[in-house]
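Please look at the structure as I talk.

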Amino acid sequence: MSTAILTTINGFGDAFALWLRPVPCPVPASGEIVVRVEAAAVNPIDVRRRDGYGRTLFKLLGAARMPLVLGNDFAGTVCAVGRGVTGLREGDAVFGAKPPSNAGTHATHVTVRAEHVCLSPPDVPAAALATLPYNFLTVIRAFADAGISRETVKGRHVLVHGATGGLGQVAVRLLHGLGAIVTAIGGRQGLEACRAGGAAELVDRHRQSLATLPRHFAATLNFASWEDEASLLRVLAHDAVGHATTVHPLLSNFDRLGLLAGGVATLIDKRDQRRVKPKSARYGWTVFRPNTSALRSLPHCAAALTPPSVKTFALAQAEQAYLHVKERRLGRAVLLPGQL
Ligand SMILES: NC(=O)c1ccc[n+]([C@@H]2O[C@H](COP(=O)([O-])OP(=O)(O)OC[C@H]3O[C@@H](n4cnc5c(N)ncnc54)[C@H](OP(=O)(O)O)[C@@H]3O)[C@@H](O)[C@H]2O)c1
């Protein structure tokens with residue numbers, strides 16, 4: 001029987017190193033496929049989950065059981081197909097994003113449900129493709145939460161806070177494609193990439209305060225800091241469509257306070273922010289979740305969304321890859337499990 005190698009942790013926090021664990025190759029159940037992983041992104045959520053972030057809710061989903069394999073994104077080749085799967089065959093080049101589980105993609109082989117996979121476009125390398133699905137699907141969800149569509153933002157100002165990050169780079173390009181006039185906020189290092197992605201105005205977050213921005217935005221997106229949530233709601237125009245945030249304290253409230261008190265704290269946090277926004281504007285706390293129809297649209301725009309720089313690591317260098325993300329170094333971190 002062939003062997004798979006998993007990058008696992010056995011407990012939360014820095015005391016538990018990432019270690020490579022050989023296991024028998026997985027066998028797909030009905031509706032599943034096994035992918036030989038060529039590339040798997042390391043995202044900020046992986047680094048935070050390794051430290052225990054979200055463990056209260058993830059435990060309910062079976063996604064905090066040890067040994068834990070992190071990682072959502074993958075690009076690779078189908079190597080086994082379960083019963084009932086149509087449209088995918090052994091040898092197909094595919095990519096996609098798994099929902100949180102304890103059997104993530106930082107491994108040589110991963111089992112995924114067929115609806116969480118799509119065929120790879122031929123013109124984008126696996127390392128770049130593997131950076132896209134989790135961020136793309138989260139941004140699409142944020143757009144829905146904020147009421148953003150071509151109809152609502154074409155020719156109007158939209159602000160992206162955290163525009164220089166993984167989510168921000170995708171959002172800026174998609175918003176530009178929708179015809180929005182994009183203001184990109186981030187650290188100076190990544191702002192030129194935002195301009196290349198179509199941002200009309202660049203704001204260096206270390207030099208200009210959010211309070212100085214005009215109140216003319218049809219929508220605002222917060223991919224940067226919960227501390228800035230209210231400031232972003234204050235720059236919405238009176239007829240704005242809405243605001244969405246991915247940096248809300250949903251998971252940390254449950255971790256800090258438990259399920260009941262965490263739920264109450266979440267309701268209070270949301271209510272307090274809703275008071276700041278214009279009446280008509282939507283207000284959403286975005287949470288990543290798989291979306292098959294959005295995923296199927298990604299191959300058409302993947303080449304345009306590839307990140308400005310990618311830093312690759314062999315599976316045995318997983319610690320360095322996690323450190324790269326933790327220290328916020330330049331370039332999206334991608335594991336290449338084919339290279340042990
Ligand atoms: N809720 C969900 O389901 C979900 C899904 C995906 C991501 N997320 C979260 O969304 C956030 C963004 O994800 P990402 O992958 O885009 O992260 P990322 O690549 O690390 O980008 C973070 C962005 O925020 C900016 N930033 C960081 N700290 C800041 C601060 N204190 N004040 C203002 N700006 C700050 C960074 O600016 P510079 O680096 O240029 O200085 C960068 O533009 C992360 O916190 C991630 O965990 C949540």
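Around the ligand there are 24 residues, the closest being Thr164, Gly187, Arg205, Phe288 and Arg328; to count, a residue needs a heavy atom within 4 Å of the ligand. This is a predicted model, in which local features need pLDDT of at least 70 and side-chain atom pairs pLDDT 80 or more, while totals for chains, interfaces and linings use all residues. Residues are numbered from 1 along each chain as its sequence is written, and side-chain values use heavy atoms, with hydrogens and water left out.

Now the polar contacts, meaning pairs of N or O atoms within 3.5 Å. A polar side-chain atom of arginine 205 lies 2.9 Å from a ligand oxygen. A backbone N or O atom of glycine 166 is also placed 2.9 Å from an oxygen atom of the ligand, and for glycine 162 the backbone value is 3.3 Å.

Taken alone, the ligand exposes 930 Å², and the protein buries 78% of that; areas are Shrake-Rupley, with a 1.4 Å probe.

Where does the ligand lie? Domain 1 (3–132 + 306–336) and domain 2 (135–285) both give residues to the shell, so the ligand lies between them. These bounds come from an automatic or database domain assignment.

Last, helix 6. Helices here are DSSP runs of H or I, at least four residues, numbered from the N terminus. Buried means under 20% relative accessible area, with a 1.4 Å probe and protein chains only. Among the buried ones are Leu167, Val170 and Arg173.

Notes: A polar contact is a pair of N or O atoms within 3.5 Å; within protein, one must be able to donate a hydrogen and the other to accept it, and residues adjacent in sequence count only if both atoms are side-chain atoms. Buried means under 20% relative accessible area, exposed over 50%, partly exposed in between (1.4 Å probe, protein chains only). Helices (H or I, at least four residues) and strands (E, at least two) are DSSP runs, numbered from the N terminus.
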